[in-house]
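Please keep the sequence and the structure in view while reading.

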Amino acid sequence: MPKLKPEEIALRRREIVDAARTCFVRSGFHRTTTDEICREANITPGGLYHYFANKEEIIKAVIRDQTENALTVMHNTAAESPDPRAALRSVGLFFLQAMLEPGFDNVARLDIETWSEGLRRPDLLKIIQEGREATLDAVTEVIQEAVRRGNYSAKVDPEALANLFSAIYAGLRISKLLVPHRVDAPAVLDALRMMIRGEILGSASSLADEQPSAAEIVRPSR
């Protein structure tokens, strides 16, 4: 194989990762063979192994790539938004809109398969955890800036709120696979906005209804 420039190698690796993701989304990790990936990427098996030693390396590259794509969306959206609160709203809209795309269910299934594999394999779990932490860090930073600017209350715990947003999105994706007819993404976003604005309580509620903070109620078991 002729010697390639670094940018050509990066481009070819990108093409293989994209082809592998297409195969994994279609057939899952276990049923996808390297021959399928080669056909999708229009490359010979010998050429494939020039860039990746085996299918396991390709799987790890796909997982890392998913994180990088999500971070790119968040960073670009934050940079284009007038303030942190608008950035969070735009990011939420982007990912909820993705739930309406035709191929969403297959992508969500692939993520669930990835998590399942990670719980059995420490090497994959480490990559998944690194990606989750990087994503949480990015969201936490935006919330911290929103608090600093006064867009959010100083009482807000940025990391806790970032975890809440992440959990809501993960739960919605799973619910859409299990009970798709019960998941209305735009309605969920509106409900989340109401919750953030404190508009959920009705006229019959009062300050007397407020409960102690979770930290005052939940104590770690000894």
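How much area is buried between domain 1 and domain 2, and what percentage of it do carbon and sulfur atoms give? In this predicted model, the area buried between the two domains is about 1500 Å², and carbon and sulfur atoms contribute 69% of that area. The domain assignment places residues 1–52 in domain 1 and residues 55–196 in domain 2, and the C-alpha centres of these domains are 27 Å apart. Across the boundary, 15 residues of domain 1 are in contact with 15 residues of domain 2.

Polar interactions also cross this boundary, where six residue pairs are in polar contact, both residues being at pLDDT 80 or more. On the side of domain 1 that touches domain 2, the elements giving two or more residues are α1 (6–31) and α2 (34–41), and α1 gives the most, with 10 residues. The residues of that side comprise eight nonpolar, four polar and three charged.

Two salt bridges are counted between the domains, while a search of the whole structure finds 17.

| Salt bridge | Distance, N to O |
|---|---|
| Arg14 and Asp65 | 2.4 Å |
| Arg21 and Asp65 | 2.1 Å |
| Arg14 and Asp18 | 3.0 Å |
| Asp123 and Lys60 | 3.4 Å |

Asp65 pairs with Arg14 and also with Arg21. Arg21 in helix α1 and Asp65 in helix α4 (residues 55–80) are 44 residues apart, so that this pair links distant parts of the chain. Asp65 counts as buried because its relative accessibility is 4%, and Arg21 is likewise buried, with a relative accessible area of 18%.

Asp123 is partly exposed, with a relative accessible area of 31%, and Lys60 is partly exposed at 22%. Both belong to a network of salt bridges that also links Glu56, Glu117, Arg120 and Arg121.

Lys176, finally, is found in helix α8 (residues 158–178) and counts as buried because its relative accessibility is 16%. Beyond its neighbours within four places in sequence, Lys176 is in contact with Met99, Phe104, Asp105 and Val183.

Definitions and conventions:
Residues numbered from 1 in each chain as written. Predicted model: local features only at pLDDT ≥ 70, side-chain atom pairs only at ≥ 80, totals over all residues. Heavy atoms only, no water. Domains from an automatic or database assignment. Contact = heavy atoms within 4.5 Å. Buried area = accessible area lost by both parts, 1.4 Å probe. Salt bridge = Lys/Arg side-chain N within 4 Å of Asp/Glu carboxyl O. Polar contact = N/O pair within 3.5 Å; in protein donor to acceptor, adjacent residues only side chain to side chain. Helix = DSSP H or I, 4+ residues; strand = E, 2+ residues; numbered from the N terminus. Nonpolar A, V, L, I, M, F, W, Y, C, P; charged D, E, K, R; others polar. Buried < 20%, exposed > 50% of the residue type's maximum accessible area, 1.4 Å probe, protein only.
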